[in-house]
Amino acid sequence: SRKQVQRPQHWYTKNGLLPLLILILLSIAIFQVVVIGFILLHSPFFKSKANNYLAFAIFSLSWSLLNLVLDITHTFEAYPLLRGVDIIDSGVLFPVLILLCVVHQVNHPLKQSRRLLWLFTPFLFSLVCSIIDEFSSQGQVIENPSHFDIISAVLGIILILISLIFIPYV
């Protein structure tokens, strides 16, 4: 009698073929978005500041899709160095870049405003919060997790308030 070798079960064998097809479509979408972004950035036909903002908005969308694919496939658990992809949250960055694209395309008076850089404040605050959260979850910064949970919740509320205040203000 032969012993049967137990093969490890992967996430796509447990859930069927549909998640694998969705993953393939998302991977194709990421590649297409990156190609379109490079075309917008480097083609002389599309040279304008509005198209540059559109290309960066497209790259931020691709970053979000990449983050989703890596999360679906549990890659962050297998390769901890890829946690840096998860730290950068481009969900806050995408609307700002689209707004800047529209402002430059229609030559709105906000185009000359010096306050446009303040639109990036929620993204930077989100980045700092994510870095603090990542280091603390690894147990490298804060020893008392109950205090850190309160600090993390307060920072999350501040982030929501900053997003609600800064984007309509500018």
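The model is predicted, so local features need pLDDT of at least 70 and side-chain atom pairs count only at pLDDT 80 or more, while totals for chains, interfaces and linings use all residues. Residues are numbered from 1 along each chain as its sequence is written, and side-chain values use heavy atoms, with hydrogens and water left out.

**Exercise 1.** Find which residues make the nonpolar surface patch of about 520 Å², and classify isoleucine 165 by its relative accessibility.

*Solution.* The patch is made by Ile157, Ile160, Leu161, Leu164 and Ile165. Isoleucine 165 lies in helix 8, residues 145-169, helices being DSSP runs (H or I, at least four residues) numbered from the N terminus. Buried means under 20% relative accessible area, exposed over 50%, and partly exposed in between (1.4 Å probe, protein chains only). Isoleucine 165 therefore counts as exposed, because its relative accessibility is 54%.

**Exercise 2.** Locate histidine 74 and asparagine 107, and describe the phi of each.

*Solution.* Histidine 74 sits in the loop between helix 3 (49-72) and helix 4 (75-78), and although it is not a glycine, it has a positive phi of about 55°. Asparagine 107 belongs to the loop between helix 6 (93-105) and helix 7 (121-137); this residue, not a glycine, has a positive phi of about 55°. With 41% relative accessibility, histidine 74 is partly exposed, whereas asparagine 107, at 53%, is exposed.

Methods: Patches are made of residues with over 30% relative accessible area and no salt bridge: like charges are joined within 9 Å, nonpolar side chains (Val, Leu, Ile, Met, Phe, Trp, Tyr) within 5 Å. Accessible areas come from the Shrake-Rupley method with a 1.4 Å probe; for residues, only the protein chains shown count as cover. A salt bridge is a side-chain nitrogen of Lys or Arg within 4 Å of a carboxyl oxygen of Asp or Glu. Helices (H or I, at least four residues) and strands (E, at least two) are DSSP runs, numbered from the N terminus.
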